[in-house]
Structure formats: C-alpha cells, structure tokens
Amino acid sequence: MVETTGRNASRPVTACLSSGKGGVGKTSLTVNLAYALAQKGLRVLIVDGDLGLANVDVLLGLQVKTTIRDILDRGADPLEAVIYVEPRLGVLPSSSGVPDLANLGPQDHHELGEILKDICCHFDIVLVDTAAGIGSSVLWFNTFVDYNILVLTPDPTAMTDAYALIKVLSRDYRRQNFHLLVNQVKNEAEARQVYEHLSRVASHFLNLNLDYLGGVPRDASVSQGVRNQVPFIKVAPQSKAALTLFRHAERLRRWASPRPGAHKTAGKAGG
Ligand SMILES: Nc1ncnc2c1ncn2[C@@H]1O[C@H](COP(=O)(O)OP(=O)(O)O)[C@@H](O)[C@H]1O
Ligand SMILES: [Mg+2]
C-alpha cells in the first residue's frame, strides 16, 4: 500500500520481543506497540517469529495465504506475503501447528536472514514476536535484531525464564543490551521492583546492566482486544495499558531515528 512502496535508504531498526516463558504478553505487546508506532508515522513490519505456533494473525483476525514457510519452501515472494492491517503496518505471517518449523536449521536461518534483510528495507522499524523458550529460532532472532526486548511479568517463573534467556544470549551469543518490559503489573512501583530485582541479579552474576523499558498494567482492555482480535490500543486508546504503551512506543520511535550504528553486537546463533 501507499506508504510502504518506497525502499528505506538507511537500514531499519529491528527489535524482538522474547521472554523465555509463554503467556506473558509478547504477542499482545508486539502487535500493539507496532500499531502505536504506525500511528506515529513510521512504516512498521511485524514478523511472526513464532514459527510453529503463530499467533499474530489470530490477534489481528487476518486471513493468511502465504507464510514464512512458503517463502522458505517454495520461494514465495516475501513482499507478497506481507498483509497490511493499516497503510503503514505490515505483518509477515508464520504457520501454526508445524513442529518442523518451530526450530529451523542453520541453512534455513541463513536464508531467512537474507529474506528479512531484503524485506526490512521497506520499513522504518521491524518488530519480531518470538516463540517462548530458548530454542534455536528464538536465539537466532535475538541475534539477528538490533534490540532485545525481554517481556516478563512479576511471576517468579517469568522472571526466572527471562533471566535464563538473558544468560544464554549474553554468555553464548555475546549480546549485551537487554530492555525489560514488565507486563501485567499492579502499578509502576511493581514494574520497577521486578526490574530492579532482575537487574541486581544480572549485574552480580552476568556483569550486565539491564535497561528498563517500562511497565504495562494488567488491564481488561488487553484481554478484550485479544478476544475481539483487534489491537486494544486502537479500540481503547484511553485505557491504562494503551496510555503506557504509547509512551514505550515513543522510546522505540527514538531508536528508529537516529539509527543505532554501533548498537549491534557480534554473535550468531547456530542452528
Ligand atoms: N497487560 C495485560 N493485561 C491483561 N491481560 C493481558 C496483558 N498482557 C497479556 N494479557 C493476556 O495474556 C494472554 C497471553 O498473552 P500473549 O500476548 O498471547 O502472550 P505470549 O505471546 O507471551 O504467549 C492473552 O490472553 C492476553 O489477553
Ligand atoms: Mg505469543
């Protein structure tokens, strides 16, 4: 559509939302952050990086024809696979119920990297919604992008799993910059507490300084949006969750301009 036909002269900024644990809100926050960024005038691509259990299309009520699998398996045109939900907001969908695809091998990752590099230049910012866990594709997406956003909740298991992912990425893939997005909190103080706790542990055991992206309140408009298959930020822009997410989107907008030239760290996930 109109806004996305031009190729971006400079490289777009890329970020992925990961968590370790499932059900913490990665897909909901990816979709709604993307929507907020598109509203701010950026050309945004959501990549459904949950390759075996795709959910982005479900959250947006999309009819998917072509997926990442079709692109890899039969050379489908990646740009034709992109579905536009808004003039500036595209989705590159994945498949659901395809165990083989949940964790690609090194050759497929290499090909996917080339495809994404090509397609990404049509956008200003690319957000990848990854699967739960620390499988090879989750690790690969986390090394492909410029920014690693860790989504967690105050639940101790979510904190443990986020820490485990940070540990693997920093130890084995030399990633150094992690941005915490604390979802489903009672208030800002609770989000800060979660951040400070994980931050102390990461500093002590991994010698890492974690960055605080912010908190997102537990809010019925989020689950309502999921059930109705529409971004809550669109249908309930005055809800508590939407207002905080618009603020976090502003931070991401600043990442997109100016470009973070020196931000990308070395390291490749094998397999
Ligand atoms: N801030 C929130 N407030 C209320 N419910 C939320 C919030 N964030 C996520 N949820 C709910 O949690 C469930 C899981 O969210 P989802 O985005 O699918 O998680 P993930 O992608 O991490 O598995 C959804 O049904 C959603 O409604
Ligand atoms: Mg998900």
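1. Let's start with a term: a residue is buried if 20 or more other C-beta atoms lie within 10 Å of its own, exposed if 12 or fewer, and partly exposed in between, with C-beta atoms placed from the backbone. Gln229 has 12 C-beta neighbours inside 10 Å, so it counts as exposed. This residue sits in the loop between α10 and α11 (232-235). Helices (H or I, at least four residues) and strands (E, at least two) are DSSP runs, numbered from the N terminus.

2. A word on what you're looking at. This is a predicted model, in which local features need pLDDT of at least 70 and side-chain atom pairs count only at pLDDT 80 or more, while totals for chains, interfaces and linings use all residues. Residues are numbered from 1 along each chain as its sequence is written, and chains are lettered from A and ligands numbered from 1 in the order in which they are written.

3. Back to Gln229, whose phi is near 60 degrees, a positive value in a residue other than glycine. Most residues other than glycine have a negative phi. Gln184 also has a positive phi, of about 60 degrees, and is not a glycine. Gln184 belongs to strand β7 and is buried, because 22 other C-beta atoms lie within 10 Å.

4. Now find ligand 1. It is surrounded by 18 residues, and the closest are Gly25, Lys26, Thr27, Ser28 and Ser223; near here means that the C-beta atom of a residue, placed from the backbone, lies within 6 Å of the molecule. Two or more residues of this shell come from each of α1 (26-39), β7 (178-185) and α10 (220-228). By class, the shell holds five nonpolar, ten polar and three charged residues. For the classes, Ala, Val, Leu, Ile, Met, Phe, Trp, Tyr, Cys and Pro count as nonpolar, Asp, Glu, Lys and Arg as charged, and the others, Gly among them, as polar.

5. Next, helix α8. Its 18 residues (156-173) should span 26 Å at 1.5 Å a residue, and the end C-alpha atoms are 25 Å apart, which agrees; the expected span is 1.5 Å times one less than the number of residues. The buried residues of α8 include Ala158, Met159, Tyr163 and Leu169. Among the elements covering them are β1 (13-18), β6 (147-152) and α9 (188-206). Just after the helix, Arg174 takes a positive phi of about 55 degrees.

6. How do α8 and α9 meet? Their axes come within 11 Å and cross at roughly 35 degrees. Axes are lines fitted to C-alpha atoms, for helices over the stretch in contact, and angles run from 0 to 180 degrees between N-to-C directions. Met159, Ile166 and Ser170 of α8 are among the residues making the contact, as are Val194, Leu198 and Leu206 of α9; contact means C-beta atoms, placed from the backbone, within 7 Å. The residues of this contact divide into nine nonpolar, one polar and one charged.

7. Arg43, in the loop between α1 and β2 (44-49), is buried, as 22 other C-beta atoms lie within 10 Å. Ala102 lies in helix α5 (residues 99-102) and counts as partly exposed, because it has 19 C-beta neighbours inside 10 Å. Ala102 and Ala131 are 29 residues apart in sequence, with 8.2 Å between their C-alpha atoms. Ser10, in the segment before β1, is exposed, with 12 other C-beta atoms within 10 Å.

Definitions and conventions. Contact = placed C-beta atoms within 7 Å.
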